[in-house]
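Thanks for coming. I will keep this short and start once the model is on the screen.

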Amino acid sequence: MTQRTRMDRRRFLRAVALTPALAGLAGCATTTVPRSAQHVVVVGGGFGGATAAKYLRMWSEGQVAVTLIERDPKFTFCPASNLVIAGLGDMAELTADYDALRDRWGVRVVQGEVTDIDTERGQLRLADGTALRFDRAILSPGISFMPELVDGLAGNEARIPHAWKAGEQTLLLRRQLQAMPDGGIFGLHIPRSPYRCPPGPYERACLVAHYLRTHKPRSKVLVLDANSEIQSKKALFSAAFAGPYRDIIEYRPDSALLAVDARTLTATLEFDSVHADVLNVLPPMRAGMLADRLDAPLINGRWVEVDWLTLEASHLPGIHVIGDALFAAPGMPKSGHMANQHAKIAAAAILSQLAGNAPDAEPLMTNTCYSFIDDRQAMHVASVHRYDRGQNTFLPVQGAGGLSAAPSTTEAEFAHAWARNIRQDMLA
């Protein structure tokens, strides 16, 4: 690799780590919007929804009214939750409020749950009976879990947590790990792809192994992967499993899970049964249940299909869906950074449409994702995605992005910088 190539990769890495707001969206803020009252409702206050609410207000210079509806009073930052499980972080560091969206940007923030969406009349209803009219809606419903697909899993989250949404289950799994006897087995099951955050389970395996090596050195991590191979950063995670964690992590691909016994913490696989002292099962996933309230079929019964130029749900003009709930474009992961990018594409398209203009014909999105392998080192994967009109989807830009050469402390600094900046981008 030449010095010039190393510098180009370094600049690209720094750009995607520190400026998630800018990728592929230059000029969107100059859109002129009619001053007639326009109301956009955004449902879901995560990476996608909060970003969309902020940028609609910012890019329209306050001319579009925006209401953000979110069930929880605070946002919980999921990407760093594996650090909390391993005793390397604190839940308080992962939480943030929506005050700046309300006070600085003029977003009306409503805590509540949507129970009905009338897409034809442009109206939705909350659980408390409140009805809200909208001209356009952005839905960021995230994911829901399907524990019913694994016999014995539904209703047993207290014994067999997934901890795949940061919160109480994150703390529960940390307590279970801390209480595990030295010499015990931490069993981690990964569902078939697609699922939220492709590298996340493998990062969890590494961080749990780091904890065990430090505190319970006779213990093991058993990774049961329903997929045939590691789904993200394969070479880097394989090197970690076979290198520093070779005596701690055992990786078993093609391990589809059929059933669990919550009493004995036994996992029944297609060809084997294993017992663990801590059993961490990530259930199969699908679009958040809000997607079922749309009058549109789900692909594979799980994911929302969209027009990728505007992110409007298929056959539902004016209803934009973003984030993990989507049937992903080729090579596009379900990640927080990607949801942030979806939000900006949708916001820009809405403002163009309200102004009577066509949306940007060649939008561009980037993604970056960091994974820690211990308390000091991290690594990344980055990608660029360009809209292809002929296929009406985003395709990876060949030669752009890429993987870390190896985990490093410098990458860990970038990871923390990315976390700070994307939180600022969506909530400040």
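This is a predicted model: local features need pLDDT of at least 70, side-chain atom pairs count only at pLDDT 80 or more; totals for chains, interfaces and linings use all residues.

Residues are numbered from 1 along each chain as its sequence is written, and side-chain values use heavy atoms, with hydrogens and water left out.

Cysteines, then. A disulfide is a covalent bond between the sulfur atoms of two cysteines. Here the term is used for a pair of cysteine sulfur atoms within 2.5 Å. How many disulfides does the structure hold? The count is 0. For Cys 197, the closest cysteine sulfur belongs to Cys 369 and lies 4.7 Å away, which is too far for a bond. Cys 206 has its closest cysteine sulfur in Cys 197, at 13 Å, again too far for a bond.

Are these two buried or exposed? Buried means under 20% relative accessible area, exposed over 50%, and partly exposed in between, with a 1.4 Å probe and protein chains only. Cys 206 is buried at 0%, while Cys 197 is partly exposed at 25%.

Now the sheet. Strands are DSSP runs of E, at least two residues, numbered from the N terminus; two of them pair if DSSP finds at least two bridges between them. An open sheet is formed by 3 strands in the order β14-β15-β16, with antiparallel pairing. β14 (257–261) and β16 (273–275) are at the edges with a single partner strand each, so one side of each has no neighbour in the sheet. β14 pairs with β15 (residues 266–269) over 4 bridges, and Asp 261 stands opposite Thr 266 in β15.
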